[in-house]
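Hi everyone, thanks for coming. Could you bring up the structure so that we can walk through it together?

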Amino acid sequence: MRIFLKAIAIENIRMQPIPMPKLDSFSKDEQYMLRSIEIAKNGLGTTAPNPMVGAVIVYEDKIIGEGYTSPFGGAHAEVNAINSVTDKSQLAKSCLYVTLEPCSHHGKTPPCADLILKHNIPRVVIGLKDPHEKVAGKGIQKLLKAKCEVVTDVLKEYCAAHHKRFLTFHLKKRPFIILKWAETDDGFIAPDKALRATNPEPYWITRAPARQLVHKWRSEEQAILVGTTTVLEDNPRLDVRSWNGKSPIRIVLDANLKITKNYHVLDGSQRTIVFTKNDKMPVATNNVSYEVLQSENLAQDICDTLHCLNIQSVLIEGGAQTLQTFIDADLWDEARIFKRAVSFKNGVAAPVIKGRMISKQAIENDQLTFIKND
């Protein structure tokens, strides 16, 4: 049974990395681009490895079509927007707004640039050029060659923030990495083991609404990563039991293969990748596969492998050593840290992190801080 606690309030919790001015301070093109970004968010958690693009079609200053990227393998935003237009004859006098450059190559679907030209859309406003090597300006060039008016870099900063996962993957050649943990007022993420002797299940610092929010975050990212100690002590499921969405790929660090099949992460219920230093690893079966760590640079090795596996975003939930490893390697993009007014006095110390604080907000009695790695 799924549990929904204060879903409306939690749905409205989102990070605002760029301050939003009043709407009337934006030009018409910018206002329609803002709408494109807003509807693009409907694809969060379902489109990877494709970007979650939004598109809006405007005829005589009125929106006549909208679309966002379908789950991976489905239609792109431009296709869905064009298909949503009732009177297709209006397209020849319309403007298409899109958060990312239309593709120009054949993949699982035909090129969006070709569809735009097929319908004679005379003007295309683009938020951001696509860094993917198969696009990288080719879509824009195809439109210009056909005498289409093209305007680029409209609200570029906003579009870049929206497409942060896709851009990090293609420009930095690694997944977009989000760190998450909860800590007490006195700086611990877990109590002393003596307090856990009679309770092998997770020892919660945060309350139910904050935990549900984390399940929402899990549904938004392609993968979730934890270390060996977290699995052995908490036996987590790493799914989205408290939210309506897709469970992420589970990534488990198990250098010496200490985790046995009676733990949830090896139950085969969702795709799981185990990183190990043991080259005598088990045969991949039942939705569980293994990757051998090739170097002592653990965080970089993991990032390189996940890039090869086409995984664009990872939520790292613990434990303290795993989190600190990525922090020390400077391989992280955002940190989301809960703090609650409780004290353990002793236990596992919280990671040490430096970055730019984006926001603070209260989730009932829990304080949530967003930090960005600039």
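I'll go through the strands first, then a few residues, then the cavities.

Before that, a word on the ground rules. This is a predicted model, where local features need pLDDT of at least 70, side-chain atom pairs count only at pLDDT 80 or more, and totals for chains, interfaces and linings use all residues. Residues are numbered from 1 along each chain as its sequence is written, and side-chain values use heavy atoms, with hydrogens and water left out.

Okay, strands. Two strands pair if DSSP finds at least two bridges between them. There's an open sheet of five strands here, ordered β2-β1-β3-β4-β5, with mixed pairing. At its edges sit β2 (62–68) and β5 (149–151), each pairing on one side only. On average, neighbouring strands of this sheet are turned by 15 degrees against each other, ignoring direction. Angles like that run from 0 to 180 degrees between N-to-C directions, using axes fitted to C-alpha atoms, and for helices just over the stretch in contact.

Look at β4 (residues 123–126): it runs parallel to β5, with three bridges between them. One detail there is that V125 has V151 of β5 as its bridge partner. And what lies across β1 (54–59), β2, β3 (95–98) and β4? That's helix α2 (residues 28–40), at about 140 degrees to β1.

Now over to β13 (residues 334–340). How many of its seven residues are buried? Six, so to speak "mostly covered", where buried means under 20% relative accessible area, exposed over 50%, and partly exposed in between, with a 1.4 Å probe and protein chains only. β13 pairs with β6 in the parallel sense over seven bridges, and with β16 (residues 366–372) in the antiparallel sense, also over seven bridges. Follow R340 in β13: T184 stands opposite R340, and in β16 the bridge partner of R340 is D366.

On to single residues. K180 is in strand β6 (residues 176–184). Is K180 buried or exposed? It counts as buried, because its relative accessible area is 13%. Contact means heavy atoms within 4.5 Å. Leaving aside neighbours within four places in sequence, K180 touches several residues, including W217, E317, R336 and F338.

T206 is in the loop between β7 (188–191) and α8 (208–220). T206 is buried too, because its relative accessibility is 8%. With neighbours within four places set aside, T206 is in contact with A182, R211, F338 and D366.

P71, in the loop between β2 and α3 (77–83), is partly exposed, because its relative accessible area is 49%.

Last, cavities. A cavity is a set of points on a 1 Å grid over the protein atoms alone where a 1.4 Å probe fits but cannot get out, and lining residues have an atom within 4 Å of a point. Searching the whole structure turns up two of 30 Å³ or more. The largest holds about 140 Å³ and has 17 lining residues, with T47, A48, M52, R165 and Q312 nearest its centre. Volume here is the space filled by probe spheres set on the points, with grid points joined across faces, edges and corners.

That's my tour, thanks!

Technical notes: 1 Å grid on protein atoms, 1.4 Å probe; cavity = no way out; pocket = protein on both sides within 12 Å on 5 of 7 lines; lining within 4 Å. Helix = DSSP H or I, 4+ residues; strand = E, 2+ residues; numbered from the N terminus.
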